[in-house]
Amino acid sequence: MTRQDAFSLSFRTVVSYRLRAILILLAMALGVAAVVVLTALGEGARRFVMNQFTALGTNLIIIIPGRSETAGGFIGALVGETPRDLTLDDAASLTALPGVRRFAPLNVGLSEISAGGLLREVTLAGSTASLIAIRRMRLAQGSFTADNGPNPAEAVLGAKIAHELFPKGNALGQRIRLGDRRFRVAGIFAMQGESMGINTDELVLIPIDHAQALFNTQSLFRIMVEAESRSVIEPTKKVIRAALKLRHDGEEDVTIIGQDAILATFDKILRALTLAVSGIAAISLAVAGILVMNVMLVAVSQRTTEIGLLKAIGATHTDIRNLFLLETLWLAVAGAVVGIILGYLGSLGLRLAYPQLPAYPPIWASLAAIATALITGIAASILPASKAARLNPVLALSRR
Amino acid sequence: MIALTAISRIFTMGDQEVRALNNINLTIAPGAYVSVMGPSGSGKSTLLNLIGLLDQPTSGTYLLENIDVTSLSETDQARVRRERIGFIFQSFHLIPRLTAAENIELPLILDGIPSAERKKRVRAILQQTNLLERADHRPSELSGGQRQRVAIARATILNPAVLLADEPTGNLDHKTGAEVIALLENLHHQGTTIITVTHDREIGARAHRKIQMRDGEVVSDD
């Protein structure tokens with residue numbers, strides 16, 4: 001039997017058992033589609049988190065007062081003890097360091113804001129104009145020009161705050177009161193929504209010196225530093241650490257986190273998650289494989305006389321085994337193709353339903369799903385096919 | 001052409017041994033027309049299966065066209081079945097999802113003959129067996145006589161040396177049975193060796209050589 005004849009003969013067999021073919025194909029296709037969609041989901045989640053991080057700014061270095069032993073861990077750094085304050089002078093000392101493009105000292109706290117008889121509580125950030133550049137914030141109106149101080153008493157309002165206090169939209173230039181201090185509205189943030197837990201729509205930004213006076217503190221919450229490029233993040237961290245150590249009487253009492261380190265950690269976690277999820281999906285492919293084996297075993301016993309006849313008219317063991325192997329191969333190939341189509345449609349649906357989630361199935365996952373479908377299909381048909389090939393023709397033909 | 005020497009075939013059922021064939025010695029000349037008769041369980045079907053290489057003897061030697069076919073490999077035996085032996089069965093054994101023409105084509109496919117040549121040969125044999133207008137019908141759409149004619153066409157398309165028929169008229173009425181026998185006898189006139197296993201005395205009597213079997217042994221041969 002030529003290869004071409006074997007292919008076309010087995011294809012005709014597959015087509016003639018339509019319901020059986022559709023069911024097996026569906027089982028295979030769903031398995032493949034599950035792998036594709038779930039990896040797309042995992043990848044989408046990973047990219048979503050990565051995008052959020054880069055929206056924070058790029059080449060970021062964050063200096064936090066206090067030193068914790070679990071260096072690099074975000075949570076550990078937050079609960080670290082604070083033996084010595086991080087001051088505005090510490091921040092100013094970074095100006096001349098190599099690798100530092102810009103830096104912004106930061107104080108954050110809650111305060112009451114009032115204007116024209118209206119009053120509410122807001123998150124108040126004190127910093128310099130550099131913060132706007134580092135954090136990629138955008139101003140819709142006005143400007144913010146604060147440096148390390150002393151600065152005029154000016155504030156930038158989040159879009160929502162501005163709208164609440166000045167519903168007529170004439171916020172710029174107006175007077176507001178923060179705590180017991182008066183400020184002039186110098187700018188309004190553009191609507192940006194929430195990014196990594198900070199919602200600029202409900203934020204009020206004032207110069208750092210006024211914030212320190214308002215909160216009655218000399219200590220900074222943290223210093224945000226933007227390095228000149230990704231490659232100098234590590235050396236710059238070293239330089240900053242050395243500089244601050246010198247200023248703090250030789251004691252290393254700050255935690256310095258590079259953005260790339262946090263990124264890498266999240267990247268690792270989410271990649272592992274994607275793998276785990278696609279592994280679970282792959283189990284459904286294995287189940288489909290067992291189904292295929294069962295159906296093919298049934299096919300062999302249903303077609304016993306046919307197999308006997310093929311032997312009587314001169315089919316070899318190899319011919320018969322190949323016919324049954326090819327039958328499953330057709331089904332597996334068709335299942336994989338349909339599954340890929342379903343998977344990509346499913347991912348498209350996900351992207352339409354959640355536009356923020358870039359749920360694109362990765363190529364490697366699609367290839368792995370196809371390969372798994374083919375391998376399972378072939379593996380599942382080996383037993384039925386060799387059973388068919390070994391059938392005793394006399395017994396096979398005697399069944400009427 | 002067929003030479004069986006001291007052939008025995010023993011089946012083991014549980015701890016019981018059944019001698020389906022007991023020390024058979026038989027020679028069949030090329031072009032012979034032989035009928036094998038006997039009661040059920042006399043071993044006539046086993047003999048046919050053995051000659052057709054579907055079964056292996058427990059002991060003895062079998063020469064087909066001077067070749068010891070029992071010692072051939074599985075693949076070579078399949079080739080001998082394909083090219084030198086034709087089978088016809090009581091229940092026709094056509095593949096239900098293939099048309100008459102495609103059923104007849106199967107041995108040619110197994111033999112690796114190119115498609116164009118296959119179509120030509122199938123058409124020729126359809127014409128000979130008067131089945132041309134039924135070529136694209138499935139077995140379920142054919143009468144019993146037509147089905148058996150398709151089966152005969154399939155068995156003879158590769159011009160086998162010997163045609164083995166196991167109760168070829170068993171599922172047919174008298175008239176269509178007679179037509180099928182006429183077709184077989186026509187093939188005999190063209191030089192094919194024919195061995196028919198049958199219960200039907202009338203059909204058995206038409207053969208030139210009549211073998212009677214009982215309990216796995218040949219009891220008469222004339």
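What follows is a chat about a predicted model with chains A and B.

Me: I'm new to this one, so how many helices and strands are there in chain A?
Reply: Chain A has 13 helices and 12 strands, and please keep in mind throughout that this is a predicted model.

Me: Is chain A compact or spread out?
Reply: Chain A is more spread out than a compact globule, because its radius of gyration is 33 Å, well over the 21 Å that the globule rule gives for 400 residues. Along the principal axes, the C-alpha trace of chain A spans about 105 × 55 × 30 Å.

Me: And what percentage of the residues in chain A are buried?
Reply: Of the 400 residues in chain A, 41% are buried. As for contacts within chain A, if you take those between residues at least 6 apart in sequence, 82% of them join residues at least 24 apart.

Me: Let's turn to the helices. At what angle do α1 and α11 of chain A pack?
Reply: Helix α1 of chain A, residues 3–16, packs against helix α11 of chain A, residues 317–353, at an angle of about 65°, and their axes are 8 Å apart. The crossing of α1(A) and α11(A) is right-handed.

Me: Which residues make that contact?
Reply: On the side of α1(A) they are A:A6, A:F7, A:L9, A:S10, A:F11, A:T13 and A:V14, while α11(A) brings A:N322, A:L323, A:L326, A:E327, A:W330 and A:L331. Sorted by class, the contact of α1(A) with α11(A) has nine nonpolar residues, three polar ones and one charged one.

Me: Now the strands. How do β2 and β3 of chain A run, parallel or antiparallel?
Reply: They run antiparallel, with nine bridges joining β2 of chain A, residues 100–115, to β3 of chain A, residues 118–127. In this pair A:N107 stands opposite A:G126 in β3(A).

Me: What's in the turn between them?
Reply: β2(A) and β3(A) form a hairpin with two residues between them, and A:G116 in that turn has a positive phi of about 55°.

Me: Which way does β3(A) run with β10 of chain A, parallel or antiparallel?
Reply: Those two run parallel, and five bridges join β3(A) to β10 of chain A, residues 203–207. Here A:S127 stands opposite A:P207 in β10(A).

Me: Switching topic, how many residues of chain A are in contact with chain B?
Reply: There are 20 residues of chain A in contact with 22 residues of chain B. On the chain A side, the elements that give two or more residues are α1, α10 (304–312), α11 and α13 (393–398).

Me: Which of them gives the largest share?
Reply: That is α10(A), with five residues. By class, the side of chain A that touches chain B has nine nonpolar, six polar and five charged residues.

Me: Over to chain B, then. What is the order of strands in its open sheet of six?
Reply: The order is β6-β7-β8-β3-β9-β10 in chain B, and the pairing is mixed. β6 (85–88) and β10 (217–221) of chain B stand at the edges with a single partner strand each, so one side of each is left without a neighbour in the sheet. Neighbouring strands of this sheet are turned by 20° against each other on average, direction ignored.

Me: How many bridges join β6(B) to β7 of chain B?
Reply: Four bridges join β6(B) to β7 of chain B, residues 162–166, and the two strands run parallel. B:I88 stands opposite B:A165 in β7(B), and helix α5 of chain B, residues 144–156, lies across β6 and β7 of chain B, running at about 165° to β6(B).

Definitions and conventions. Residues are numbered from 1 along each chain as its sequence is written. Chains are lettered from A and ligands numbered from 1 in the order in which they are written. This is a predicted model: local features need pLDDT of at least 70, side-chain atom pairs count only at pLDDT 80 or more; totals for chains, interfaces and linings use all residues. Axes are lines fitted to C-alpha atoms, for helices over the stretch in contact, and angles run from 0 to 180 degrees between N-to-C directions. A crossing is left-handed if the near helix is turned anticlockwise from the far one by less than a right angle, and right-handed if clockwise. Two residues are in contact if their C-beta atoms, placed from the backbone, lie within 7 Å. Ala, Val, Leu, Ile, Met, Phe, Trp, Tyr, Cys and Pro count as nonpolar, Asp, Glu, Lys and Arg as charged, and the others, Gly among them, as polar. Two strands pair if DSSP finds at least two bridges between them. The radius of gyration is taken over C-alpha atoms; the globule rule is 2.2 Å times the number of residues to the power 0.38. A residue is buried if 20 or more other C-beta atoms lie within 10 Å of its own, exposed if 12 or fewer, and partly exposed in between; C-beta atoms are placed from the backbone.
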